[in-house]
Amino acid sequence: MQEHSEHHIVPKRVYALVFTTLIIMTWVTAWISTVDLGPMNIWVALSIAVFKASIVVLFFMHVKYGTRLTKMIVCSGILWLMFLLFVTMGDMWTRGWMGVPGR
Amino acid sequence: MSSHAASSHTSAVVGHEAAHDPNLKHHFENADQQKESASIGMWVFLLTELMFFGGLFLAYFVYRQWYPAAFISASNKTDVLIGAINTTVLICSSLTMALAVHYASLGKKQLLVFFLIATLLLGGIFLGVKGYEYHDKWVHHEIPGEHFECEGCQDAGHAQLFFSLYFGMTGLHASHMIIGFGILLVLIFQANRGDFTAKWYTPVEMFGLYWHFVDIVWIFLFPLLYLIDRVGRPLL
């Protein structure tokens with residue numbers, strides 16, 4: 001990938017496409033919440049949210065057209081958020097797996 | 001207005017050896033480096049915001065894991081239709097903000113001002129709807145505290161936790177939008193005065209990043225506060 005910083009002007013059609021996708025996904029996620037998927041409901045809802053957030057970051061926030069340094073900074077922030085969420089939730093999910101000695 | 005631009009340009013030429021972009025600060029090599037620095041600084045700020053909101057999201061996930069029955073019954077008190085409409089409004093404001101940056105980069109002043117005002121109005125509609133929802137919660141005694149009531153809720157004590165998180169998270173989100181309104185008003189004033197050109201519109205672009213970030217927070221709040229645990233109930 002080239003490190004050129006000539007200003008990239010994103011065509012308006014890209015914004016229109018991202019916008020339409022975001023609106024459609026909002027109503028899809030509202031509808032799908034009424035369908036019984038068991039424990040998968042929360043994961044489907046969060047996956048759709050992650051997808052929506054990703055296209056906002058890539059296109060509205062121009063990270064797709066940004067330098068590698070910008071991309072690395074964004075990814076590192078997301079990585080640290082994942083540490084916060086998954087390390088703590090890993091504890092929550094696995095607490096019941098083993099009995100507590102002496103109880 | 002044009003005389004102001006002309007005079008500042010002349011003084012820049014006189015003050016330096018060659019014609020020099022008045023918006024380029026001395027400690028930067030060139031305009032690209034300056035812009036990249038601003039962008040990275042803004043992203044680092046947004047990452048601190050990400051961790052700030054991340055702590056609240058974590059609290060939500062932990063308590064939801066501990067008290068699922070309370071969270072299921074309490075989260076069914078939110079109105080999906082209003083939430084979905086408000087999400088739509090906020091996404092529209094993200095689009096108008098993206099277009100504002102787009103027209104700023106093309107140096108089209110009229111359209112820049114127009115889309116900044118549109119962003120402000122759509123944000124205002126969002127907060128108005130949010131205010132209506134808060135009022136609704138107030139009327140139904142769904143504010144955590146002494147007079148808390150949750151009709152048909154299981155484990156009403158812990159249902160208060162859901163509403164504490166609801167008000168904490170949406171309130172923090174709303175306060176970010178209110179701060180955004182203040183910055184938007186300044187930007188509209190500056191844009192109208194002709195401060196921004198196709199070469200330099202960094203404040204507009206950086207504010208765009210902030211506004212889209214606030215939109216992203218809502219993209220996650222909407223499913224977590226309105227949608228999860230709604231199985232078996234009609235959508236509208």
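Start by selecting the contact between the two chains: 40 residues come from chain B and 40 residues from chain A, with contact meaning that the C-beta atoms of two residues, placed from the backbone, lie within 7 Å. This is a predicted model, where local features need pLDDT of at least 70, side-chain atom pairs count only at pLDDT 80 or more, and totals for chains, interfaces and linings use all residues. Residues are numbered from 1 along each chain as its sequence is written, while chains are lettered from A and ligands numbered from 1 in the order in which they are written.

Stay on the chain B side of that contact and pick helix 2 (31-66), helix 4 (80-105) and helix 7 (202-227), each of which supplies at least two residues touching chain A. Helix 2 of chain B gives the most, with 14 residues. Colour this side of chain B by class and you get 25 nonpolar, ten polar and five charged residues. Here Ala, Val, Leu, Ile, Met, Phe, Trp, Tyr, Cys and Pro are nonpolar, Asp, Glu, Lys and Arg charged, and the others, Gly among them, polar.

Of its 236 residues, 36% count as buried, that is, with 20 or more other C-beta atoms within 10 Å of their own, the C-beta atoms being placed from the backbone (12 or fewer is exposed, in between partly exposed). Among chain B contacts with a separation of 6 or more, 76% join residues 24 or more positions apart.

Last stop: Gly96(A), in the segment after helix 3 (68-94) of chain A. Gly96(A) counts as exposed because it has 7 C-beta neighbours inside 10 Å. Draw a C-alpha to C-alpha distance from Gly96(A) to Leu69(A): they are 27 residues apart in sequence and 42 Å apart in space.

Terms used
Helix = DSSP H or I, 4+ residues; strand = E, 2+ residues; numbered from the N terminus.
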